[in-house]
Amino acid sequence: GMSMTEFQFIYWWEWGHRQWARFLGVVWAVGFLGLLATRSVPTGWTGRLVLLGALGGLQGLAGWWMVHSGLAPGMFDVASYRLAIHLGLAFVILALMAWYILTLGRSEADLIAARRDGDRKIYGMSTGLLHLSLVQILIGALVAGIDAGRSYTDWPMMGGQFLPPTMWDLEPFVRNFFENAGTVQFIHRMTGYLLLLFAIGLWMASRRSSRNATKRAVDWTMLMVLVQMAIGIVTVLNAAPWTWAILHQFGAVVLITLILRARFLARYPLPQSVRGA
């Protein structure tokens, strides 16, 4: 039932996505080889930069693997779990780049000195929040892969009740966790609530920190968790239009970056005077 105009719209999204991915590979290769040629790679960083390029190549293979699943007989969409792996790899690459940028922004001597004053509790809790957020992103990819955001468009209930009425309808049972729209959306919602509670715990723990920059970083993280949750609710209430869905995905990018910044500052706090400046 697809018209030529609809096909052309999808084609240009797909074509543009592939060309942009190839361009990213060229940017990495030119930058890396340029640093090698000018002997500008910081000591100990060659392997880390190679890792970024290798993950980029793996991401391309994962993209092909994902698209190939949609070409199988009887398939009208790509496999949702392959979409989740493709998106998950993208966020791993993003997280590594963000951490590298934060690390390279300060001298090695500064980092060694700062680590002695790090806040282990905030660092550990922000690490946990980071991992839980990555799990939530993978679940969100499953939601997107089967259009689960368009199945139950009420909140806080689902179909007028706490548990969606068709939650365990598929056989075998395990299919419900990947292919049942009600089940997948329910898990995404519950993980979101758990993430909110975890973020509140981190924020409360940060109140006892003497490092103002670390506390502000956690403040921004807490604010973004609330914003991201609000965007998710609006997305569901509007039956997941692509504009809100993309905004929700972009919110995940911002959130992961802010969590990493809070985690970095907990491990390597900025110098602070007695007055707190």
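Is Ala240 buried or exposed, and why does it count that way?

Modeller: Keep in mind that this is a predicted model. Ala240 counts as buried because its relative accessibility is 14%, and the cut-off for buried is under 20%. Ala240 sits in the loop between H8 and helix H9, which covers 242–267. Its backbone is worth a look too: Ala240 isn't a glycine, yet has a positive phi of about 50°. Most residues other than glycine have a negative phi, and most peptide bonds are trans.

Step back into H8 itself, residues 212–237. With 26 residues at 1.5 Å a residue, H8 should span 38 Å, and its end C-alpha atoms are 38 Å apart, so the two agree.

Asp147 counts as partly exposed because its relative accessibility is 42%. The H5–H6 loop also holds Pro172. Cis peptide bonds turn up at both prolines: Trp155 to Pro156 has omega of about 10°, and Glu171 to Pro172 has omega of about -5°.

As for the setting, the protein has 9 helices and 0 strands, and buried residues make up 37% of its 277 residues.

Key
Residues are numbered from 1 along each chain as its sequence is written. This is a predicted model: local features need pLDDT of at least 70, side-chain atom pairs count only at pLDDT 80 or more; totals for chains, interfaces and linings use all residues. Side-chain values use heavy atoms; hydrogens and water are left out. Helices (H or I, at least four residues) and strands (E, at least two) are DSSP runs, numbered from the N terminus. The expected span of a helix is 1.5 Å times one less than its number of residues. Buried means under 20% relative accessible area, exposed over 50%, partly exposed in between (1.4 Å probe, protein chains only).
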